[in-house]
Amino acid sequence: MYINIEKAVNLINSDGADALILCDEANMHYMCAFSPSEGYILILKDGTAYHIVDSRYTETALRHAEKTGLNVIEIPQLFKDEIKDLCEKHSVKRIIFENESISLMRYNMLIETLDGVEFTELGDRLMRIRNRKEPFEIELMKKANSIAEKSFLELLNHVKAGKTEKELAAYFDYLMAKNGSHGLSFDTILLTGKNTSMPHGVPSESVIKEGDFVLFDFGATFEGYHSDMTRTVAVKSASDEMKEMYNLVLKAQLAGIKAFNAGEKCADVYKAAYEVLDEKNMAQFFRHGLGHGVGLEIHEGFNASPRSNDTYETGNVSSVEPGIYLPDRFGIRIEDVCYLSPRGRENLSTVTKELIIL
């Protein structure tokens, strides 16, 4: 049995349910090994599992089913009819559903279709399972990361005064596609000068100038798995203040990475980086969490946040990305993605974090 389906079966049986139904794209990918934009996966307590698709996905689903063992069913008319038939065939009386991500329309459809079936909430249980990565998932993330890093190093040859944020961002996206990315983890963030003080600014027609910072936040995907990295470089020169602030952010990031261990509270990992910035009265300019889980979604699993009540576990992957943002002046962020392997912490990001001055 495919390992991810086996995990789902264990979840179903621990709940005392008969089946689990999935329609969230990332959750379906976890079971079928690709990302259908529509469809359902129905997994039964005995391990029988169905991938219900329309004709757009039949061939792709059959190809991946050779690995996953899913039974692929192409609907003749409506999804709800096939779901009803399968649940009646297998005497499903209690079914787990994705209460945190399902649309109201789909929920109402299921309730009406499976009249008399008891619905029980999935909650965050599958998220927590997905949050503990298997070795094959890490290999796919490493592949995505290597594509992104190769593209970034190539892009640096084109970063110079006179170029605009938009043209460099577009070229960056091209490089990632050329180097093998299956898609972007998110819209590339590429900012320069005063715009770098906006943590999630959008590339504009702003022109790079000598003495400016340029901030890159980017990611590639490979077979559904994401990478995520941020680097901040300077063009031609950097002032003493820019260098001082850069080194402070780097010190905070290294403290956060050191604290990122299995058994550590997420809030305490955040605190480790925050305190480094606070020592220099710069924590007030750190305006977001320290990191987020990464995998089939760019944000999944636990967050290194002061509001988190979670504790990191072996198998977790998280970004570590402190930053300081001085309004109308400049911003700096440095981000790596780290993995808590059974052998200890591993940094998946390899590009230097020393300040690059182009």
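Which helix gives the most to the lining of the second largest pocket, and with how many residues?

Analyst: Helix H6, residues 125-130, gives the most, with 3 residues. (Helices are DSSP runs of H or I with at least four residues, strands are runs of E with at least two, and both are numbered from the N terminus.) The model is predicted: local features need pLDDT of at least 70, side-chain atom pairs need 80 or more, and totals for chains, interfaces and linings use all residues. Numbering starts from 1 along each chain as its sequence is written, and side-chain values use heavy atoms, without hydrogens or water.

The second largest pocket holds about 220 Å³ of space. (A pocket is an open set of points on a 1 Å grid over the protein atoms alone, where a 1.4 Å probe fits, with protein on both sides within 12 Å along at least five of seven lines; lining residues have an atom within 4 Å of a point.) Its lining counts 14 residues. Asn27, Glu100, Ser101, Gly123 and Met127 lie nearest the centre. By class, 7 of the lining residues are charged, 4 polar and 3 nonpolar.

Now the largest pocket. Its volume is about 320 Å³. Here 20 residues form the lining. Nearest the centre are His200, His288, His292, His299 and Glu321. Strand S12 (291-292) and strand S13 (303-304) are the elements that give two or more residues to this lining. The classes divide into 8 polar, 7 charged and 5 nonpolar.

Terms used:
Grid points are joined across faces, edges and corners, and a volume is the space filled by probe spheres set on the points. Ala, Val, Leu, Ile, Met, Phe, Trp, Tyr, Cys and Pro count as nonpolar, Asp, Glu, Lys and Arg as charged, and the others, Gly among them, as polar.
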